[in-house]
Amino acid sequence: MVAHAQRSPFDHAPCFEDMTSSLQSTARQPKGMLKETREVVALARKFKEEVMRPITLSMDRQMQKDPEYLPWEFVRKANEWGFYTLWVPRIFGGKGYNSPSMSYFLEELGSECLGLSNLIGVHYLAVVTMFATFNIRLINKLLREVEDGQKTGIPCLLSLAITEPGAGTDVEEVELVDKGNVGCQATKVEGGYLINGSKIFISSGHVSRWHIVICYEDLKNPSDTMLVLPVKTGSKGFSFGRKEHKMGVKICPASELNFEDCFVPDDLVLMNKEQNQKNRRNNKQTNSQMIDYVVSTSRAGVSAWGTGAARGAFENALDFAINTEVNGKRLVNHEWAQAMLAEMYKNVAISRLSYVETNYANGLCGLYKTIQFKPLFYYFKIVPKIVIDYIIRPIINLPVTTWVFRKIQLDGQTDAQFHRTSGWASLAKFTGTDAGVKNCQMALEIMGQAGLRQDRRAEKILRDSKLLQIYEGTNQLNRINLFKCLAAQGHSQVRVFEHE
Amino acid sequence: MISRSEIKSYLSKEPLFDDMTCSLKATTRQPAAMIKETRKIIELARRFNKEVIEPYALELDRTMQKDPDYLPWEFVKKANEWGFFTLWIPKIFGGHGYNIPSLSYFMEETGSACLGLSNLICVHYLAVSTIFASWNLSLISKLCRLVAQGEKTGVPCLLSTAITEPGAGTDVEEVELVDRGKVACSATKVEGGYLINGSKVFISSGHVSQWHMVICYTDLKKPSENMIILAVETGSKGFSFGRVEHKMGVKGCPASELIFDNCFVPDDLVLLSRDHTGKQKRGVKETCGQILDYVLASSRAGVSAWGAGAARGAYETALDFALTTEVNGKTLANHEWAQSMLAEMYKNVCIARLTYIETNYANGMYGLFKTIQMKPLFYYFKYMPMILLDKFAPMILNLASTTWLFRKIQLDWQSDPEFHRTAGWGSLAKFTGTDMGMKNCQMALEIMGQSGLRQDRRAEKILRDSKLLQIFEGTNQLNRLNLFKCLVAKNNPMIKVFEKE
Amino acid sequence: MLSEKETTIIALEEDVVEFTETKPTPPAPKKEAKSVDVKDVKIAAKKTAPRTSKKELTMLAKAASEFAKKMLAPNREENDKYPFGPFFEDALEKAFGVDFFHIILPEDMNGMNQGMSALSVTLDNICQEDSSLGGILFTNAAAQELMIQAGSKAELERICSKETVRDFLIALPVFNNPSEVKHLAQAKKTGDAYTLSGSLEYMVLGDLAGQAIIPASIAGSTRYSYFLVDLKDKGISKSEPILSLGLHACPAVDLELNHVKATLIGQEGKGSDYFEKMADRLHVAAASMALGVMKGSFKEAFDYAKKREQGGHEIINWSEVKMILSNMAIKISNAEMIIEKACKAVDTLEAKWETRSRAAALHIQDMACDLTTDGIQLLGGVGYMKDFGQEKRFRDAKHIQALLGITPIKKITFIENMI
């Protein structure tokens, strides 16, 4: 029926692969993921009910009273429940749950409290950043500390430090960073690097043990001299600055990190120019690829939070509508309210679809590709811990392992794949978070004065959700990135992020 | 970490885990061969767009504005030649047996080129799904084989569905409302069959269809319990066409009036009546509601796909304009505000698409496509030689027990949550996809200025066309309430939907 | 005449300056000095009452704007901490001193006898800096208007003769229309006297004002009535100030009433008539609060966009940023036109003035919610932090939208009034 010799209709956008990530995952994605996801969602709901609900509102209130309070108690609780290792692969000492299931988890927790949920989720932002460097030996070292933290009950969280006072949007986009105003510098000295400068808005900074710091050797040419260095709390020359006083997401601190001649030894360098020289792409492109690996997964997570916020607002408004009489009739039985609630339900559903689809793309051709490869997936799922500890761990520390992973994941990813994951992640990010804020707005409209009171929750969700449109790249930046990755491909005349 | 019983209990709280994760489940269950089929369908659609639709769409729209009574027979014949009227009919009924979700992709593709022409092909399948939802296998077989024959002989045999009446639009789409509506199309039992009286309006493809699936009522006072579906052939005594509506858009596809004046339909053309519905587990009214929802859950996914198509047509037109127009000395596509708007439009297309895809996953696991997408059956029909199917299938299908069995599986075994899930998602996809279509058209016209206003630049045509999508297959307002009923209110006794104010 | 006005402004300014300078240890309010100013403002207003001339509006606008810039802007973040920080007592007293609370009162109650144009222009300018004070002004004006509509002149006069601002203020649950969601106390009549019991949610200014207007139902009646109670009454217990989304320094409390002595306002069962009449007028004032917030948010974003550099140049040079700013500016320009027209309609009782007033509010409040979210967006991360006031404006805009009832219901009522 279709003559295959002809020029493929898929030469035109949108290409089949861009359109059908979920369909293509059919039979390719390990079945075990469904079961794991069921467990994770149930666990999240249990945690939400038993741990979060009793404290959500009072913590937010507490933070308004005393913005300097640090939520150590909650972090310890989350550590006890094992959340800081749940999605760490088993070979690195974690429980090895599949990464897409974390998005569902973030939605569940986010629907109760974005702040508390951030305290768990941003840890994985740092984990993912380490993974995107594919420096297997160091990944193993840091994640083993996280594992020990869980065993000993002394939480070992990781944070990611990118944003600087003079550069927000710029540092999320390699095309922009050279034109930006970056100030965090790493200078090569014997045996390591000295970091100087500061980072701001670092989520969970004050409660983290390790900070994955992105800095630059040459501030005039940051895109080509980017470095990823882990710094431990307590290191000489490293200190915490102020904690921001935010409108929402109050429970998760946004910290300032200050570096003054802070020394990082060579064996802690996660990624630098020297290591990148071994890759197919040049240094600048590799840096860009690495950042896109990170944001392709983290933005799916932020979208899941958007979904959570949208859901929290929806559930809150529905509850209000069921329990309030307006003009002598239950509000929920007014047609206009039903239509609004339906619209809100839809907003939740489409946000979810957007992050789910992005994760399919990440599984097929992004960060999760290797680990969701069926044979590997099942191998790591069932291989006894003892084998991991005595046979696999020594292999991990070999430089060749890092080389192989970088070969597969960095060099093996085609441009089209890298555009697909990055573009979809941006799509999910602004779709999910716009929907989150939209639903909060609608909830407050429906609820009238009850929506204004902190003790009725809706206003808190609104305050919290607004942050989502800003961090991990503003929604404006993400629209342009989607345009760059998915719409502009194949049109050589298009320029993106160009000086006007 | 968490016990099995705990998992079960937490996942059965709202939102139900199964309501949230259709695709996740589907990726483990649906046959992998569907990927390849879908790829083929999209390739075919794109070729058809290029060779047939694109050169013809604007011209036909223009012709229709000049002569609103023109009927696009030529195109129907062309589509028939390409085999589009049997492509998604199962092989046992003489078709090509492509998986039904791939029809939605086809609708998006062809819809992005012209909604009118896409309608001419695809409303045929609305009628096909209507007859399927009745699970009257001998009649399904009879009608589908006529369609297949039409393809062989080159004389198209299209099917249409006639639901809407002059006095009842939204009402007839919803069992809860129909008793309060003003329905007038009656079927009176006489010896050997029924007499239909009354009229139907806005019947897509009516004038070019050979058979019409007419929904009418044996008691106009209690329509919800007296619904009957009858197949009427063009040319039957007492049946005639009325006017062709003069629409704003979707002009390529006629919206016809069907007039019945003591039109006799013999008993063996009754697809579904009280005699059948009375035998099912659910009451007559509930079974009618279920059948309607079966049809709508799949047809609304299709309409959503058209919404995605309209959104995409508008996006592609605007992108093309932006790439080829200079504004203030710079290509428009390099202005950031335009990139941002185009990104938003791209996103709208994707969101629309995700909703219909998810709905089809639900339909595949819990709805109309459940049986046919069960892996053993799927592959059995896929690889069974046509000659055997042609020979044996009619014999089996004509047995009353086969119809009984299918009705048992599809009607009685569908649980309430399953039925809510498919119907609710159908509505969600419908209003989301079509709202996105409309939104993108508005944005395209904003971007394009005066070019957007000219028929020969396409954007204004897409806007006129896409508005219809928000209205038919249940207005978007009705669909919001249906989503609310199915996915939010569920069985909460405190919530009343479609209640008189 | 003109010079007289100018003197007023100058006097007002000087006074404010002096007041601000000595802020760390505020001296006892200087009664004499203040009363001079007050009189001058009043004289200026009196001469053209009931309609306010353009010049006078400009003057009032300038006074409010100066006041807001000097008394509110510098401590905005601090004031927003309430109830976890101190209350802006100084600003409140000062606003009382310059008669912002007297704008709509008739002359014989020491009022300015002005209409909605004057109230709106004041609220607009105040809310550009801090809408909490706007909320207090609005609530109090709504309460006054309610009493005027009910014809409770004597009661109002008694209240308006009070000397301190707290005694003067009247609390009102101004975010709920009692005929929609029935947050009502129960009234009991014995002889000619009434007592109130039960609970009442979200009494705005409840912990600030001397008295409150409370909607209550009398046993056996389906319609509600308004009552005036003394908030110092022993039968009243108040909750802590309710932590809310926005307008933090315009606090509300939940009340528990136990046989509280109450005075009927107007007639029994007429509560909803009075509320609707008051709301007809006050909607446009709510709209101008939203407008003020919009202007503040735009100005902050505009200034920031001209300074902040990303990608090597000021972000205002990104055309997408220009687009967002332009959408904001267009909204503001439209809102200004709408409010001016609606105020005039209300003050001159043009045909359909009630419709104009309500339509203005519903539309402009929507616009304000859209605009303020963009206002944060343009500042990125810092927009979300307390430092620039953008996050507060975002919260306040949404808060203001809920004035006088549930928004969709207000919309439905709007069309029902036309059916």
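Chain A of this predicted model is divided into domain 1 (15–155 + 276–492) and domain 2 (160–275), with bounds that come from an automatic or database domain assignment. Local features need pLDDT of at least 70 and side-chain atom pairs count only at pLDDT 80 or more, whereas totals for chains, interfaces and linings use all residues. Residues are numbered from 1 along each chain as its sequence is written, and chains are lettered from A and ligands numbered from 1 in the order in which they are written.

**Between the domains of chain A**

- The C-alpha centres of domain 1 and domain 2 of chain A are 23 Å apart.
- Contacts, defined by C-beta atoms, placed from the backbone, that lie within 7 Å, link 43 residues of domain 1 of chain A with 31 residues of domain 2 of chain A.
- On the side of domain 1 of chain A that touches domain 2 of chain A, α7(A) gives the most, with 12 residues; helices here are DSSP runs (H or I, at least four residues), numbered from the N terminus.
- This side of domain 1 of chain A comprises 21 nonpolar, 14 polar and 8 charged residues, where Ala, Val, Leu, Ile, Met, Phe, Trp, Tyr, Cys and Pro count as nonpolar, Asp, Glu, Lys and Arg as charged, and the others, Gly among them, as polar.

**Between chains B and A**

- In chain B, 62 residues are in contact with 59 residues of chain A.
- Elements giving two or more residues to the side of chain B that touches chain A include α4 (33–66), α11 (284–324) and α16 (416–448) of chain B, while α12(B) gives the most, with 15 residues.
- The residues on this side of chain B divide into 32 nonpolar, 13 polar and 17 charged.

Terms used:
Contact = placed C-beta atoms within 7 Å.
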